[in-house]
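Please walk me through this structure. I am new to it and would like the main features in plain words.

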Amino acid sequence: MSASVLIIEDEDNIASTLRQLLNLRFIVEVDVARSVKEAEVFLEAQKYDLVIFDNFLPDGIGLEMINRMADQLQWIYDCKLIFLSGVLYVDKTQEFLKGVKKFSHLHVRNKPVSAEALYELVGNSLPHKPA
């Protein structure tokens, strides 16, 4: 049985690399959305086991979209979320923390993320391919 993953990333090379890394180690079906609008369509159509998302998308802010969609689709609160951004969130401002605190399975990482870091974040939440 495969797990479902949605990658929300407007940079094709990053989305492609994430897809390849996940397919190397895990049994997954991966969808890619390149905008907030595309992501909303995917999220409304299917429940995902993992959502990896960028913050700055051509038509909006990824974190705002995840917050809004979670209010409509309760399963997102239980979904493993990985927030990747090229903007440093090291200071974790109060406004930023307010946007992420309601998600118990949210991990924040800066881009670029190494294969090892991605695999560590995903952990055992997706089925592994046999060695």
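Phe-83 is buried, with a relative accessible area of 0%. Buried here means under 20% relative accessible area; over 50% is exposed, and in between is partly exposed (1.4 Å probe, protein chains only). Phe-53 is buried as well, at 1% relative accessibility.

The model is predicted, so local features need pLDDT of at least 70 and side-chain atom pairs count only at pLDDT 80 or more, while totals for chains, interfaces and linings use all residues. Residues are numbered from 1 along each chain as its sequence is written, and side-chain values use heavy atoms, with hydrogens and water left out.

Now the sheet. It is open, with 5 strands in the order E2-E1-E3-E6-E7 and parallel pairing. Strand E2 (28-33) and E7 stand at the edges with a single partner strand each, so one side of each has no neighbour in the sheet. The twist averages 15° from one strand to the next. Strands (E, at least two residues) and helices (H or I, at least four) are DSSP runs, numbered from the N terminus. Two strands pair if DSSP finds at least two bridges between them. Strand E3 (residues 50-54) and strand E6 (residues 80-85) run parallel and are joined by 5 bridges. Val-51 stands opposite Leu-81 in E6.

Helix H2 (residues 36-45) packs on this sheet. H2 touches strand E1 (3-8), E2 and E3, and its direction makes about 145° with that of E2. Contact means heavy atoms within 4.5 Å. Axes are lines fitted to C-alpha atoms, for helices over the stretch in contact, and angles run from 0 to 180 degrees between N-to-C directions. Helix H3 (residues 62-72) lies across E1, E3 and E6, at about 145° to E3.

Next come the aromatic rings. Rings of Phe, Tyr and Trp (its six-membered ring) pair if their centres lie within 6.5 Å; planes under 30 degrees apart count as stacked, over 60 as edge-to-face and the rest as tilted. The count comes to 4 aromatic pairs. One of them, Phe-26 with Tyr-119, is edge-to-face: 5.9 Å centre to centre, 65° between the planes. Phe-26 lies in the loop between H1 and E2 and Tyr-119 in helix H5, so this pair ties together parts 93 residues apart in sequence. Both Phe-26 and Tyr-119 are buried. Phe-53 and Phe-83 form a tilted pair, 5.2 Å centre to centre with 55° between the planes.
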